[in-house]
Amino acid sequence: MMIVLSFVARLAWWLLLAPLLPGIINKVKAWVAGRRGPPVLQLYYDLARLWRKQVVMSTLASPAFIVGPAVAWAAVLGATLLVPLGPAAGATLSFRGDVVLMLYLLALARFATTWAAMETGSAFEGMGAAREVTYAVLAEAAMIAAMLTLAVQTGSVSLATMLAPSVGTSAVLLAAGLFTVLLVENCRVPFDDPATHLELTMIHEVMVLDHSGPPFAAILHGASMKLLLFAVLVTQSVLPMGTYSRTMASIVLLVGVLIVTVGVGIVESFMARFAFRRVPLLLTTSVLLCVFALLVAWQGAA
Amino acid sequence: MRDLNLLIGLAMGLNLVALGSSRLPSIIRATALQGVLLGIMPLLLEHDFGWQVVAVAVATAIGKGVVIPGLLQRAMRAAHIEREVEPFIGFVPSLLLGAFGTIAALAVARSLPLLPEHAKSLLVPGALASMLTGFVLLIGRVKAISQVCGYLIFENGIYLFGLLLIGSTPLLVEAGVLLDLTVGIFVIGIIVDRIQRAFDSLDTRKLTVLRE
C-alpha cells in the first residue's frame, strides 16, 4: 500500500508540479520588467485547452507525426522516474547504471521530437531540428562529463548514491556547467528565446510549430517535465542531500528547484540571446566547466 | 595551501575567460583581475609577513589590477580602437587549446621532481597554464592591445613561478619586474597611439614590412 502511495506521490510531483516552472519563470520575467504577466498557472490552462482541440495534420505527415511527441513524452517521464527526489523519497526505479539509461532516455526524447518535426516536410522545421541536434552534441558532452564527475566522486553509477553527497570544491564548476546545460537543453534565453516566433531564429519553437491539439500538449508538458528534471538534478548534484534529515531534504529540494527556476527567469530578463556563431563558444565553456570539475574530482580521489 | 590553490584555480579560470572573450575590455578586465589575485598570493605564502611583503603585495595588486589596465584602456580610447577582438585562431579552438594546455600542465607538474612542499600546490601547473595561455593570445590575436594582454598573462605565469622561490629570493626582484612591466605598458600605450596615427590601424599583420 505504502509503495503504491509513494509511487503516486512521486508521479504527482513530476506530472503536476512540472507545468508550474515555466509559469514561475514567466512571472519572474514579468516582475523584473514591471508587468503583471500571465498567471503562474497559465501552462495548466494552455494544456487543458490544447487537450480539447483537434489535431491538424499535414498531408505529407505519416503517423510518426503523432507518435513522435508521445514517445518523447513517455521517454521524459521514464527519465524522471529514475531521478531520486532527495534521499528520503528516493527514485521510483533505482539500479546500478540507471544514470546511463536516464541520459539515453533524454536523447530518445530529443530524437522523437526532431523526427516528428521532420515529418511535416517544412524547411523551417528541418532547420530547427538541425540546430537542436547540433547544440545537443555539445550539451550532451557536458552532461556526460558532469555525470562522470559525480560517478568519480562517489564511486558509484547509480543516481540515488551519486546525488547524495556534496561534490566539494568542484561544486561551483559543476553548478555553472550544469546550469548552462539546463539552459540549452530547455531552450532558454542565451541559446534560444522561447518567446520568439520568428522562424529564422527559433530552435525548439520552430520544431513544434506545426503541432496542434493533444500532441502539442504532450510536447509542452514534456518540455516542462524536462525543465523540472534538470532543476532537480542541478540542486541535488550541488547540495549535500545525504546529510539532511528526511523532511529537511524535501524542503531543501523544493527551495533549490525554486531558486534554479527563478535563476532561469533572472538570466532570461537580463541577458539577450546570443548570436548563433557565439553559441558553440558558450557550450564549449560549459563542457570545459564540467571537464574541470571532473579533473578536480580525480585529483581529490587520487 | 587550500586558499592559495583556490586563488590559483581562479587565475587559471581567468586564463580561459581571456581566451574565450570576444571584446577587448573583457580581456583587459580578466587580465586585471588575475593580476589582483596574484598580488594577494604572497600574503598567503608568507606566514609571518612584514611591511615589505604587504607593500609589494599592494603594489602588485594596484599595478597589475589598476594602473596597467587603466593605461591599456586609455590607449584604447585615445587611439579609437574598436572593441572587437579579431582572432587568427578562433575562439573555440583557442579555448580548447587553453583547456588542453591546462590539463597538460596539471599532468606534467605531477611528474616533475618538485620539492615536497610544492607537490600539493597548484603553483607550477598554474604557471605553465598561464604561460601557455599567454602564448596562445600572443600568436592568435591580431590587435596589438590583445597581444599586450597575452604578454601580461605570460608574465603572470612567470610571476607564479617566482612565488615558488619566495623563501630564498627577496621580493625586491618582483618589485623590480613590476616596475619594468608598468613602464613597458606605459610605453606601449604611447606607441599604440603613434601607430594608430601613422597607419590608421593597429592590425599587426600590416606592420610586417619596413619602408622608408
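Select R188(A) and E268(A) to begin: R188(A) is buried, and E268(A) is buried as well (buried means under 20% relative accessible area, exposed over 50%, and partly exposed in between, with a 1.4 Å probe and protein chains only). The two residues form a salt bridge, their closest N and O atoms being 2.9 Å apart (a salt bridge is a side-chain nitrogen of Lys or Arg within 4 Å of a carboxyl oxygen of Asp or Glu). This pair links distant parts of the chain, 80 residues apart: R188(A) lies in the loop between helix 9 and helix 10 (204–207) of chain A, and E268(A) in helix 12 (residues 246–270) of chain A. Helices (H or I, at least four residues) and strands (E, at least two) are DSSP runs, numbered from the N terminus.

The model on the screen is predicted: local features need pLDDT of at least 70, side-chain atom pairs count only at pLDDT 80 or more, and totals for chains, interfaces and linings use all residues. Residues are numbered from 1 along each chain as its sequence is written, chains are lettered from A and ligands numbered from 1 in the order in which they are written, and side-chain values use heavy atoms, with hydrogens and water left out.

Next, select C187(A), which is found in the loop between helix 9 and helix 10 of chain A. Its phi is near 55°, a positive value in a residue other than glycine. Most residues other than glycine have a negative phi. C187(A) counts as buried, at 8% relative accessibility.

Now select R110(A) together with E185(A). Their salt bridge has its closest N and O atoms 2.9 Å apart. R110(A) lies in helix 6 of chain A and E185(A) in helix 9 (residues 171–185) of chain A, so the pair ties together parts that are 75 residues apart in sequence. Both residues of this pair, R110(A) and E185(A), are buried.

Because E140(A) lies in helix 7 (residues 123–154) of chain A and R110(A) in helix 6 (residues 98–119) of chain A, the pair ties together parts that are 30 residues apart in sequence. Is E140(A) buried or partly exposed? At 28% relative accessibility, E140(A) counts as partly exposed, whereas R110(A), at 8%, counts as buried. The structure holds ten salt bridges over all chains.

Move to helix 3 (residues 42–52) of chain A and select its buried residues, L43(A), D46(A), L47(A) and L50(A). Seen down the axis of helix 3, these residues fall within an arc of 100°, so they line one face of the helix (the arc is that of the directions from the helix axis to the C-beta atoms). They pack against helix 2 (20–33) and helix 11 (213–238) of chain A.

Then display both chains. Twelve residues of chain A are in contact with 13 residues of chain B (contact means heavy atoms within 4.5 Å). Across this interface of chain A and chain B, the rule finds zero salt bridges.

Finally, select S146(B), in helix 7 (residues 144–164) of chain B. S146(B) is buried, with a relative accessible area of 1%. Leaving aside neighbours within four places in sequence, S146(B) is in contact with L24(B), I27(B), L137(B) and R141(B).
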